[in-house]
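Here is a brief report on one protein chain. Please look over the sequence and the structure before reading on.

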Amino acid sequence: MKTAVHFGAGKIGRGFIADLLHDSGYKIVFADVVQPLVDLVNETHEYSLFLINHDYEEKVIDQVEAYSTITQEDKVIEAISEAEVLTTSVMATNLPKVAPTITKGLKARVKADQEKKLVVMACENAIMGTDILKKAMIETGIMTEEEMDQVAVFPNTAVDRMVFDGHHHGKDGIEVGDAFELPIEKNKLEDPKSQPIKGAEYVDNLAKFLQRKIYMVNCAHAVTSYFGFVKGYNTVQEGLADPQILEDVKKTVLESASALEKIYGFAHENLVEYMNAMIIKRFTTPGVSDPITRVAREPIRKISANDRIMGPAIQCEELGLDNSCLLKGAACAMFYKNEEDAQAVELQNYIKENGPEAAVVKYIGLKPEDRMTKVIVEEYKKLK
């Protein structure tokens, strides 16, 4: 049976990536630093997924085992030397920590004289995560880039799926939604026509799919939380149950979509379908509850000029497209208050001392005379 090695046995690892690897016919070897997770996988060598959109029907993922990267690194290296695919879901900040073990595994592949190149993919919520991983691997000094390229390929990916801890049918497991996306750079595969993971989307231009996720899914999630906060709701789902907020969120996302259509040539109807499947249907799934305090956190980062709200707003401005709802979203983000969120506290203190216009200039990077600055300030004053 062909083997896949996956670094990270958390919810995304087991509930998303390993689910697809399992359906692609792989035996899965997890590598993790958390011993209880390693023990959990090895207890029965299977685990349960609960399908949110199908009344939490159980799906069993079997043919799995796990090793500790701390105490069983030799086992992980051996698995890498024999595998067809290697994936990660450890958070982008942890990629440098797993890079040495992965590189040692590639070195072992050289000695094993494997004919096929290993497909290495960082499946992280990061822009070009595999490039980040490869850079960290080169910096270990264990192998040169040329040596690594002889035994492996390094396609970038984008990832998105709803996963939660769950308990159903008398078992602990992971709740997963139907909707997901996993675009993979096909031009970086040894055979561009191959599909190492079934269910993934193999694309020529990954950047536009990364941008679509940020401009639409991440944007929608964020503005829903800020619109919801203004009206006193506690969860994203409570906000979307409000017809006015739902309408505003759809308008906001379609403003972002209009920029994507112009820049990348996406078809309008495809983006509307994407919005309904990946945002509206998913965020309003019965039983799902996203606290606004979690989704709205770090508002300074989320209103920065290249992020999920102002990124598309600025693109729309440059293209002569409507961005009024996006700017309203930015104003609501500036209004967000949470004493346990350091960025929210900093933003509120700065506005209190210097005013909203100065905050737009400092945190978004617009000029005082810019039209967008005036609109955001006007929208903010309406909230006050």
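## Overall form

This is a predicted model. The protein chain holds 17 helices and 12 strands. Its C-alpha atoms fill a box of roughly 65 × 50 × 40 Å along the principal axes. The radius of gyration is 22 Å; a compact globule with 384 residues would have one near 21 Å, so the chain agrees with that expectation.

Buried residues make up 54% of the 384 residues. Among contacts with a separation of 6 or more, 69% join residues 24 or more positions apart. The chain exposes about 17100 Å², and carbon and sulfur atoms supply 49% of that area.

## Nonpolar cores

In soluble globular proteins, nonpolar side chains tend to be buried together. The largest nonpolar core here has 64 residues. Met 216, Ile 279, Met 310, Met 334 and Ile 376 touch the most other members. Helix 7 (residues 206-230) gives the most to this core, with 13 residues. A second, separate core has 34 residues, including Leu 21, Tyr 47, Val 119 and Val 176.

Which residues does Met 334 touch, not counting residues up to four places away in sequence? They are Ile 303, Leu 347, Gln 348, Ile 351, Pro 356, Ala 359, Val 360, Ile 376 and Tyr 380.

## A surface patch

Val 33, Val 34 and Ile 70 form a nonpolar patch on the surface. Together they have about 270 Å² of accessible area. Val 33 sits in the loop between strand 2 (27-32) and helix 2 (35-44). Val 33 counts as exposed because its relative accessibility is 52%, and exposed means over 50%.

How values were computed: Residues are numbered from 1 along each chain as its sequence is written. This is a predicted model: local features need pLDDT of at least 70, side-chain atom pairs count only at pLDDT 80 or more; totals for chains, interfaces and linings use all residues. Side-chain values use heavy atoms; hydrogens and water are left out. Patches are made of residues with over 30% relative accessible area and no salt bridge: like charges are joined within 9 Å, nonpolar side chains (Val, Leu, Ile, Met, Phe, Trp, Tyr) within 5 Å. Accessible areas come from the Shrake-Rupley method with a 1.4 Å probe; for residues, only the protein chains shown count as cover. A salt bridge is a side-chain nitrogen of Lys or Arg within 4 Å of a carboxyl oxygen of Asp or Glu. Helices (H or I, at least four residues) and strands (E, at least two) are DSSP runs, numbered from the N terminus. Buried means under 20% relative accessible area, exposed over 50%, partly exposed in between (1.4 Å probe, protein chains only). The radius of gyration is taken over C-alpha atoms; the globule rule is 2.2 Å times the number of residues to the power 0.38. Contact means heavy atoms within 4.5 Å. A nonpolar core is a set of buried Ala, Val, Leu, Ile, Met, Phe, Trp, Tyr and Cys residues joined through side-chain atoms within 4.5 Å.
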